[in-house]
Amino acid sequence: MSLPIIRVHWLNESRAFRVLWLLDHLKLDYEIIPYKRNDAHRAPEELKKIHPLGRSPLVEIEDKETGKKKILAESGFIFQYILQHFDNSKLLSNDNSDMAENIQYYLHYVEGSLQPPLMIEFILSMAKSAPIPFPISYLTGKITDKISEKYSKGELKNQLDFVEGEILKNKGFLVDGKLSGADILMSFPLQMAFLRNFAKQEQYPNIKEWLERLTSLESYTTAKEKASSYGGKF
Ligand SMILES: N[C@@H](CCC(=O)N[C@@H](CS)C(=O)NCC(=O)O)C(=O)O
């Protein structure tokens with residue numbers, strides 16, 4: 001049976017990059033359908049024609065024989081589907097059932113626990129830097145600092161400390177001392193945490209080295225080049 005057509009509905013400057021990387025690592029053929037963020041940094045309305053929530057990534061799977069299409073949403077589910085259906089040689093999966101469960105855990109953890117404090121920090125940083133006149137800007141700064149201090153900063157530290165410890169325990173990767181889909185999926189929020197200055201890389205030497213290891217993979221460069229050709233910065 002021939003492989004289906006895989007189309008990635010990819011938004012620039014978004015977590016959708018990870019799907020390109022995953023597909024390139026598995027050496028699968030795929031098409032990119034690019035979307036550009038609007039001035040408000042949101043996805044364009046066209047994406048809602050593909051899935052009502054209008055978020056990216058979205059992956060379209062088309063059966064070449066029947067023409068039947070399905071749309072996959074949610075990064076963790078997309079990873080799960082691709083690994084389950086197309087990673088036949090277990091390049092990014094694991095034969096051991098306990099280890100396979102650990103990979104699954106990260107496919108949920110990344111959006112369920114790691115992204116929320118990062119998203120709150122991001123929204124607070126945007127509120128803080130918004131062009132608001134003084135003295136309201138002063139008050140906004142105070143309020144956003146307080147929310148960050150009371151919740152998201154500490155929670156983010158909690159998450160990063162956890163990931164730092166897991167990489168150390170698992171010999172430089174997240175699961176079983178070797179590269180898996182979990183590493184590719186988890187890389188984006190951690191890169192963002194450092195890039196946006198929500199945490200200092202020097203405090204997390206294991207995450208730092210792990211990111212260097214991941215971004216030196218050939219598949220990362222290949223996916224980057226494809227994303228850049230559509231104007232993607234990350
Ligand atoms: N939980 C979803 C989140 C999807 C999501 O929020 N994607 C962002 C890109 S990083 C998006 O499409 N943003 C556009 C918008 O909010 O308008 C997933 O894991 O795929």
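This is a predicted model: local features need pLDDT of at least 70, side-chain atom pairs count only at pLDDT 80 or more; totals for chains, interfaces and linings use all residues.
Strands of a sheet pair through backbone hydrogen bonds, in either a parallel or an antiparallel sense. Strand β1 (residues 5–11) runs antiparallel to strand β3 (residues 58–62), and 5 bridges join them. The pairing of β3 with strand β4 (residues 69–73) is also antiparallel, again over 5 bridges.

Toward β4, the bridge partner of L58 is A73.

β3 and β4 form a hairpin, with 6 residues between the two strands. G67 lies in the turn of this hairpin and has a positive phi of about 80 degrees.

## Packing of α1

Two packed helices are described by the angle between their axes and by the distance between the axes. Helix α1 (residues 17–25) packs with helix α8 (residues 218–229) at an angle of about 130 degrees, the axes being 8 Å apart. That angle makes α1 oblique to α8, and the crossing is right-handed. On the α1 side the contact is made by F17, L20, W21, D24 and H25. On the α8 side S219, Y220, T222, A223, K226 and A227 take part. By class, the contact of α1 with α8 has 6 nonpolar, 3 polar and 2 charged residues.

α1 also packs with helix α3 (residues 75–86), here at an angle of about 10 degrees and with the axes 11 Å apart. This makes α1 roughly parallel to α3. R18, V19, L22 and L23 of α1 make the contact with S75, I78, F79 and I82 of α3. By class, the contact of α1 with α3 has 6 nonpolar, 1 polar and 1 charged residues.

## Packing of α5 and α7

Helix α5 (residues 136–169) and helix α7 (residues 205–215) pack with their axes 8 Å apart and at an angle of about 65 degrees. The two helices are therefore roughly perpendicular to each other, a class that covers angles of 65 to 115 degrees. α5 passes α7 in a left-handed crossing.

In α5 the contact residues are L160, V163, E164, I167 and L168, which meet N206, I207 and W210 in α7. The residues of this contact of α5 with α7 divide into 6 nonpolar, 1 polar and 1 charged.

## Ligand shell

The residues around the ligand are L11, S14, R15, R42, A43, R55, S56, P57, E74, S75 and E111. By class, this shell has 3 nonpolar, 3 polar and 5 charged residues.

L11 is around the ligand and belongs to β1, which spans residues 5–11. S75 is likewise around the ligand and is one of the α3 residues in the contact with α1. S56 and P57 are both in the shell, and a cis peptide bond joins S56 and P57.

## Backbone geometry in the loops

At the cis peptide bond between S56 and P57, omega is about 10 degrees. P57 is found in the loop between α2 (47–50) and β3. A cis peptide bond also joins F134 and P135, with omega about 10 degrees. P135 has its place in the loop between α4 (97–129) and α5.

K171 has a phi near 50 degrees, a positive value in a residue other than glycine. K171 lies in the loop between α5 and α6 (181–195).

Methods: Residues are numbered from 1 along each chain as its sequence is written. A residue is near a molecule or strand if its C-beta atom, placed from the backbone, lies within 6 Å of it. Ala, Val, Leu, Ile, Met, Phe, Trp, Tyr, Cys and Pro count as nonpolar, Asp, Glu, Lys and Arg as charged, and the others, Gly among them, as polar. Two strands pair if DSSP finds at least two bridges between them. Helices (H or I, at least four residues) and strands (E, at least two) are DSSP runs, numbered from the N terminus. Axes are lines fitted to C-alpha atoms, for helices over the stretch in contact, and angles run from 0 to 180 degrees between N-to-C directions. Angles under 35 degrees count as roughly parallel, over 145 as roughly antiparallel, 65 to 115 as roughly perpendicular and the rest as oblique. A crossing is left-handed if the near helix is turned anticlockwise from the far one by less than a right angle, and right-handed if clockwise. Two residues are in contact if their C-beta atoms, placed from the backbone, lie within 7 Å.
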